[in-house]
Amino acid sequence: MYIFAIHKHTLYIIISTMKTIILSGTIRILIVSFFFISSNNIYSVENESILSGKGTKENPFLIETPEHLLFLASETREGRNFSDQYLRLTRDIDLSGKTCESIGSLKTAATIFSGIVDGGGYTVRNLVINEPESMYVGLFGCSMGTIENLHVENCLVEGKEYVGGLVGFAYEGTVKNCSVTGQVKGTANRVGLLLGQNDGIVVDCKTSGTTEGVDHVGGLVGLNYGSIINSSSDGHVKGTNQSGGLVGLVQKGRISNCDSKCTVEGVQENIGGLIGQNNGTIVNCMASGSVSGRAYVGGLIGWNYYGSVDNSRAVGNVKGMTIVGGLIGSSETDKPLSKIYATGTVDGVEGYAGGLIGMNNGSVSNAYATGKVSGKSYLGGLIGVSQSGNIMECNATGVVEGKEDRIGGLIGKNNESVTKCFATGAVSGKNLVGGLVGTDKENCSFSDCYSTGNVIGSGIYIGGLIGQCLGSVSNCYTSGSVSGIQYVGGLVGAIFGSLKNSLSASTSVIAISGKFAERIFGEPGENAVIENNYALESMTVNGKVQQQNTKSQEKTGISKIIQELYLQSTFQTGLGWDFNQIWSIREGETLPVFKLK
């Protein structure tokens, strides 16, 4: 016979051995032995927590053993979400050899973990979850509470979708001062080493390890709708589309003061060193890992789609087939991009590649790129193709090597205005090659710009500044040597718009065909306007010094000796350049440069 006595946290089990004795017609019961067991770590009949504590801020539930974590997972599956209750780790917990399930899910509102967890700076080690067909997978599967000061070390987590080392889906709430190391794999989408999807706030978090999935794959977060602040990632990210070193897809929200050192490998499109695709706000962020993909590949962002990027940079090397940029593969936004730069090499195999941006739709200012750019066509030291938006106060210093057409030291093909910009790298290609811009469209303008790199073309329309210009050029100069087959000019290979108040200080101009090579331009359009341009007197054209010809001054320019080109008055008085706001010069030593801010 067994007799049970129950207390709120203690179950007393009294085990009694009974003997029935009949004496004088009376039944007597003799207890011959008993003992009891007392424990705080087993269930009560009321199914209350096995955790010590009350769940209040002053007396939180204490998590001290692997079994406590397993108990939390079991409780949330049964509909206990710990809403507004406090939990705290008191020591490191090793889950080696344990079969683990996620704490919380999105099965019902009652199964979403909603408590407040303080990890106390402690670590959960060796978490293993192997559920490749499940959603909402992680130490916490789905959470709308607060998780802080908690670290996950050496995890191996696999799920289908919404997969993270710490949280599969952070539905709401805050994740603060947490970290994850290890491996996280999703057989579908929304996969991150810290969080699969973030709809809340992530602050002061970091990860290191390998993240692998299909779409929306990130070294920190797979898909983001919330805020990520002061956080970082390191390791290796592999995905198909929308994969990034920090976040795969920023659908909305703000990413600030974050960095990624992840190597990122993408199979298809929207692959970035920090973010695969950005529709949100990026401020003061950095990526330094190498990045590769097929298209829309960037050192910082693969595709910036109506997002904003400010004061951010990328320093890793980038490679893709097409639409590739040292910072951004493709930027399509009505929000100006400002104070951005990239320093890595860029290889756009098929073209549309730039040291900063591969394909641009929008305004760019205060930006620069220093890396070498190579590929087939539509290449620029800063931007491969700028379809819309003004480019202002930007520069590129890297070498640009193209195999075919529309190659520029700054921009391969430009469609809007370019102001106060320069390029210094050597440039080579086939047709439409320029030290600053390969080619443009009608009505675009170039003002207060210069290029200094040597320009080599194996075809036609080769210019020290612009290969073919359909717009207008004013207050610009070039100083590199220029060579091509024909239609080769010290400033412009072919001019169909206007060319005024500019200087060709090229050392030599060569047309291998022997035709259409001049100090200023190789070919003029029927309605071209050419006025008041200077040329270095000692410049050679097809190996010979070409004297100023008053009858064809448009082609030859007004001759100036090198000493005159080192004087401010030559430009300020003779060409009308602004030395109060824009230009400065070290007289007797150099050509003009821009004023420092």
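**Figure 1. The largest pocket and its lining.** Strands β45 (364–369), β49 (391–396) and β79 (593–594) each supply at least two residues of the lining of the largest pocket. Strands (E, at least two residues) and helices (H or I, at least four) are DSSP runs, numbered from the N terminus. The model is predicted: local features need pLDDT of at least 70, side-chain atom pairs count only at pLDDT 80 or more, and totals for chains, interfaces and linings use all residues. Residues are numbered from 1 along each chain as its sequence is written, and side-chain values use heavy atoms, with hydrogens and water left out.

The volume of the largest pocket is about 390 Å³. Its lining has 16 residues, and the closest to the centre are Glu-393, Phe-594, Lys-595, Leu-596 and Lys-597. A pocket is an open set of points on a 1 Å grid over the protein atoms alone, with protein on both sides within 12 Å along at least five of seven lines; a cavity is a set where a 1.4 Å probe fits but cannot get out; lining residues have an atom within 4 Å of a point. Grid points are joined across faces, edges and corners, and a volume is the space filled by probe spheres set on the points. By residue class, the pocket lining splits into 9 nonpolar, 3 polar and 4 charged. Here Ala, Val, Leu, Ile, Met, Phe, Trp, Tyr, Cys and Pro count as nonpolar, Asp, Glu, Lys and Arg as charged, and the others, Gly among them, as polar.

Figure 2. Phe-579 sits in the loop between α3 (568–572) and β78 (583–584). Its relative accessible area is 6%, so Phe-579 is buried. Buried means under 20% relative accessible area, exposed over 50%, and partly exposed in between (1.4 Å probe, protein chains only). Not counting residues up to four places away in sequence, Phe-579 touches Gln-568, Phe-571, Gln-572, Ser-584, Ile-585, Pro-592 and Lys-595. Contact means heavy atoms within 4.5 Å. Phe-579 and Lys-595 are 16 residues apart in sequence, and their C-alpha atoms are 8.4 Å apart. Lys-595 is also among the residues closest to the centre of the largest pocket.

**Figure 3. The second largest cavity.** There are 2 cavities of 30 Å³ or more. The lining divides into 8 nonpolar, no polar and 1 charged.

**Figure 4. Strand β14 and its partners.** β14 (residues 151–159) pairs in the parallel sense with β9 (residues 123–125) over 3 bridges. Two strands pair if DSSP finds at least two bridges between them. Thr-123 stands opposite His-151 in β14. Another 3 bridges join β14 to β10 (residues 128–130), also in parallel. There, Ile-129 has Val-157 of β14 as its bridge partner. β14 runs parallel to β18 (residues 179–186) as well, joined by 7 bridges. Cys-155 faces Gly-182 of β18 as its opposite residue.

Figure 5. Asn-189 lies between β18 and β19 (191–192). With a relative accessible area of 19%, Asn-189 is buried. A polar atom of the Asn-189 side chain lies 3.1 Å from the backbone nitrogen of Asp-215. Residues up to four places away in sequence aside, Asn-189 touches Lys-160, Glu-161, Tyr-162, Val-214, Asp-215 and His-216.

Figure 6. β33 (residues 275–278) and β38 (residues 301–305) are parallel and joined by 3 bridges. Gln-277 is partnered with Trp-303 in β38. β38 in turn runs parallel to β41 (residues 328–332), over 4 bridges. Tyr-305 stands opposite Glu-332 in β41. 4 bridges then join β41 to β44 in parallel, with Asn-361 of β44 as the partner of Glu-332. In β44 (residues 357–361), 5 of the 5 residues are buried, so the strand is largely enclosed by the rest of the structure. β44 pairs in parallel with β48 (residues 383–388) over 4 bridges. Ile-357 stands opposite Ile-383 in β48.

**Figure 7. Met-286 in strand β35.** Met-286 belongs to β35 (residues 286–287). Its relative accessibility of 24% makes Met-286 partly exposed. Neighbours within four places in sequence aside, Met-286 is in contact with Cys-258, Asp-259, Ser-260, Leu-274, Leu-300, Arg-313 and Val-315. Asn-311 is 25 residues from Met-286 in sequence and 9.1 Å away in space, C-alpha to C-alpha.

Key. Polar contact = N/O pair within 3.5 Å; in protein donor to acceptor, adjacent residues only side chain to side chain.
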